[in-house]
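Here are my notes on the model, as numbered points. Please read them with the structure open.

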Amino acid sequence: MRRLLLLAPLLLFTAGCGVVQSSEDEATDSAREVAAEAGERLYSQRPRTAEEVGRSASGIDGVEVLRVRGTSTHEGDGIDVVVRASGSAYDGWLDREEVAVRRCFAVRVSPKSEWREDPRDVDCPDGPPLTFAPPPEPPRLPYEELRAKLPRVPEGGRVDEAEVRRVLASLDMNPAIRTEVRSDGGQVGVLLSVKGNGFDAQDCLLAHVGPGTTEVWVPPRIQRMPGEGGCTVAGALDPLPPPHWTGA
């Protein structure tokens, strides 16, 4: 009995150490889950540069970006982003002391990566978190200016395509804005657009000039998605009907 009593504190101490280690493992798992959620938010089939991926990662709550390797998501193995995340757990044996850790993980961003791919445990690089300049603002499409300057042709009148083109030239637009003009059936359609990435809604502006009607509008977002045909000069000449949603 005396021997058992002497062993009891040792067993309790050993068990306590085991619980502390287990709590640290749980805290690390919690940090790993934060990194996995960051990887989930970065997952996309859209081509992006290392700068774009790093900028996106730096805006995710709960992680710090410490390193970005690779050129673009669609070259080689894609982009490797090392993030640092925090996690915590509680020691449930003694005084419920919180165990907090900060761990680093590598998240792969590539069209070849799997959804919810497990981040890899890595050593934290030296140095402060990386910072990224804000993305360049896309050129503004001149909605108000175009609406004010396009000709108003009376009913029974004739639309002059050359006059419409002169109006567009007078707007002195950013060279990144693509302009397309087309005449058909006595009407003129105008498309102003900014090159999209093939995945998100494209920025565009449509205008229609005909006898008795001059309109300028931005198509609904769903019509500006790739493949929907909303950002075309044909859509300016013959506008698509507004989208209608059905179902629950």
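1. The largest nonpolar core has 19 residues. L146, L150, L168, V190 and L192 have the most contacts inside it. A nonpolar core here is a set of buried Ala, Val, Leu, Ile, Met, Phe, Trp, Tyr and Cys residues joined through side-chain atoms within 4.5 Å. Buried means under 20% relative accessible area, exposed over 50%, and partly exposed in between (1.4 Å probe, protein chains only). In soluble globular proteins, nonpolar side chains tend to be buried together.

2. Two or more residues of this core come from each of α4 (161-170), β5, β6 (187-194) and β7. β6 gives the largest share, 4 residues. Helices (H or I, at least four residues) and strands (E, at least two) are DSSP runs, numbered from the N terminus.

3. A word on the basis. This is a predicted model, in which local features need pLDDT of at least 70 and side-chain atom pairs count only at pLDDT 80 or more, while totals for chains, interfaces and linings use all residues. Residues are numbered from 1 along each chain as its sequence is written, and side-chain values use heavy atoms, with hydrogens and water left out.

4. The sheet is open, with 4 strands in the order β5-β6-β7-β8 and antiparallel pairing. β5 (177-184) and β8 (213-217) are the edge strands; each has a single partner, so one side of each is left without a neighbour in the sheet. Strands pair if DSSP finds at least two bridges between them. β7 (residues 204-210) and β8 are joined by 5 bridges. G210 stands opposite T213 in β8.

5. Which residues lie nearest the centre of the largest pocket? They are R46, E52, R55, P135 and N197, among 13 lining residues. A pocket is an open set of points on a 1 Å grid over the protein atoms alone, where a 1.4 Å probe fits, with protein on both sides within 12 Å along at least five of seven lines; lining residues have an atom within 4 Å of a point. The lining divides into 5 nonpolar, 2 polar and 6 charged residues.

6. The second largest pocket is lined by P138, V194, K195, G196, N197, D200, A201, Q202 and D203.

7. C124 sits in the loop between β4 (120-122) and α3 (143-149). C124 is partly exposed, with a relative accessible area of 34%. Its C-alpha atom is separated by 7.7 Å from that of L66, 58 residues apart along the chain.

Technical notes
Ala, Val, Leu, Ile, Met, Phe, Trp, Tyr, Cys and Pro count as nonpolar, Asp, Glu, Lys and Arg as charged, and the others, Gly among them, as polar.
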